[in-house]
Amino acid sequence: MNLTLWSLKAGQRCEILGFDQVLADNYRTRMMEFGFHPGETVSCVQSLAFGAPKVYRVSNTIFSLDEEVASHLQVRLLGDNE
Amino acid sequence: MSKVILIGSPNSGKSLLFNKLTGLHHKVANFPGITVDVGIGRMRAMTDVELVDFPGTYSLQAISAEERVAVDQFERALDDPEVAHVLCVIDATRLEKSLYFTLQVIRDCERHGKPVTVLANMIDVLDNHKLALDVAGLAAELETPVLPVSARSGKGLDAVVSQLRASAGGATRVPRSRLVDSPDVLLRGTAHQLARRFGPKGDILIRSQTRLDSFFLSSLTGGLAFFAIMYLLFQSIFTWSAPAMDAVEGALAAMADLVVPLFGSQLARDFTSDALFGGIGAFLVFVPQIFVLTFVIGLLEDSGYLARAALICHKPLRLFGLTGKSFIPMLSGVACAIPGIYAARAIDSPRKRLLTYMAIPLMPCSARLPVYTLLIAAFIPADTALGGLVGWQGLAMFCIYFFGMFCGLLVTGVVSRSSEDHYTDLPFVLELPPYRVPGLPPLLRNAWNRSKHFVTKAGKIIFAVTLVIWVLGYFPNYGTDLGASWLGTLGHIVEPVFAPLGLDWRYAVAILTSFLAREVFVGTLGTIFGIESADENMTPLVQQIQASDLSIGSGLALLVFFAIALQCVSTLAILSKESASRSLALKMFVAYLLLAYAAALAIFHIAGLFGG
């Protein structure tokens, strides 16, 4: 099953696999500039109520992403020991 | 005079560094077309060097029109022979975020033959947490000097000056590293590796940030904190700035009392009192409000809370084409549109900023309050229902306030869905900066600069329009009868326009003068009805309006008209300056005027169906 970054729950970690084809090139570039590049580990720090943007940690920076962006990042869920 | 460019990514502490190096003495310039601020200041330690502070950007690969302007300006600056050095600021606590941009800057500087020095800022934060950055290793790998600095404490700034002096003396060669031919995609990988090798190890900083976020972003505590902070913000605009606004008005009145009697002729006295002091007061009275709001918003921004507030509000506002960052400008607009328009600068998406500009003038600002109070007192009975729990007048006030907000969201919702994207829009990706204790001097300086900007830019327009309205209302009968003045004649001319709303020339004149500021409507009607100081004691005017043959439908039409129409010259002036587009201000003025008229006409006829 294809997981997206948006589907992560608070406390879960994942590895970024790539971007889907829907996300525009300039958005994709900017996301990679922020550190969201394939192979990077991202954790979901907080998942707010009512579908508000979620809070993610990548490297040592915290970002908040809306569904319109996070749902276009394909990820693999990481276990506790990974 | 040689120039040194200061560049860095957002939240790298660049502005504070600029202020430390220049001693806060900077001016703000706008690029033509789009508002992008560039700070220019003379360095304290090297008075023959001008430091140019470029807007913070994440990358030299622009993805929006506004970023394009900033990047183009930077590229042009690299061709400028007066530019002697480039200082690139990075956040030492979050190396990876800054390094990609830094590599781009180093590469472009090498291509243009400009020496660059990397300033690893916030080194004091690393020291406090016993973390370290491998400065020597990073410098060797970048083939570029890297200096650890703290903009907050001033640590390492002497070394920056020494480096610039050495560079000016020709001691620094421009290295031609392997970066010079590297494409962006390669730089991304390099940045990632360098951050891992030389960056601070450990996540102490993130843990403390996460603890605070779990309070400020949780459904319960975060919601309560949000409402408490927004309440304080609202209080700051309405209540805290009120004494200063009263003081400005009082001081101007006292000065007028001193100066006016010095003139012999009645014309000179009237001109000095009403046109000159009235014109100055028309814009000076807003200064305390702008100062206080800018200060409080700066406090929220520098502390790191503003980004959290934007996150909380984003989802509901997105439904109307807006962003979470639109909330504070719109809330400010409930007090006054002018500070609200200034606050919209924090919105990085030009399209969403434009939509926010459209919503702000429809927020029920405090200038509408006297008009609403007068009309509601005149047309809505002071009765209560449900055992006194619900007063009809209070309910009417609530409804007309809500109506304004509803119209604002409706307009942005419709425009965002129906218009083509004239700008490349930015997705909602918001960096949540670490929580910090804000420094007072930069906040005060920023509030001062914003107030000065308002006085110098919008003041002239407001003053000029005030003079024109005064001349029209004073001549040809020297202020003895407003009805017989040129303005009164104009009122008679435009009477047919307002006649379908059941309004005669007197209301037409009051509406015309309200384009100065909405509350002037009350004073003008008072003058026409021959009542002294109607804006301070409305009761006689309310009785006069009730005694006239104005219908309830006309009263409701006036209420709706004032809720929508953008008849405030100060707002239009500042909108034109901030958006760098006169046509936007003009289009909004015309569109809201037509919308206000159509809505007023509709409400007049609906009321007529019910016998109003």
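A: Begin with confidence. pLDDT is the predictor's confidence in each residue, on a scale from 0 to 100. This is a predicted model, and chain A averages a pLDDT of 89. In chain A, 99% of the residues score at least 70.

Q: Which elements of chain A have the lowest and the highest mean pLDDT?
A: Helix 1 of chain A, residues 25–33, is lowest with a mean of 84. Strand 2 of chain A is highest, at 95.

Q: How do I read strand pairing, and what does strand 2 of chain A join?
A: Two strands pair if DSSP finds at least two bridges between them. Strand 2 of chain A (residues 13–19) is joined by three bridges to strand 3 of chain A (residues 41–46). The two run antiparallel. One residue pair to look up is A:E15, whose bridge partner in strand 3 is A:T41.

Q: Which strand pairs with strand 3 of chain A over four bridges?
A: Strand 4 of chain A, residues 54–58, again in the antiparallel sense. Here A:C44 has A:Y56 of strand 4 as its bridge partner.

Q: Now chain B. How many helices and strands does chain B have?
A: Chain B has 26 helices and 10 strands.

Q: What share of chain B is buried?
A: Buried residues are 47% of the 612.

Q: And the contacts in chain B?
A: Take those with a separation of 6 or more: 72% link residues 24 or more positions apart.

How values were computed: Residues numbered from 1 in each chain as written. Chains lettered and ligands numbered in written order. Predicted model: local features only at pLDDT ≥ 70, side-chain atom pairs only at ≥ 80, totals over all residues. Buried ≥ 20, exposed ≤ 12 C-beta atoms within 10 Å, placed from the backbone. Contact = placed C-beta atoms within 7 Å.
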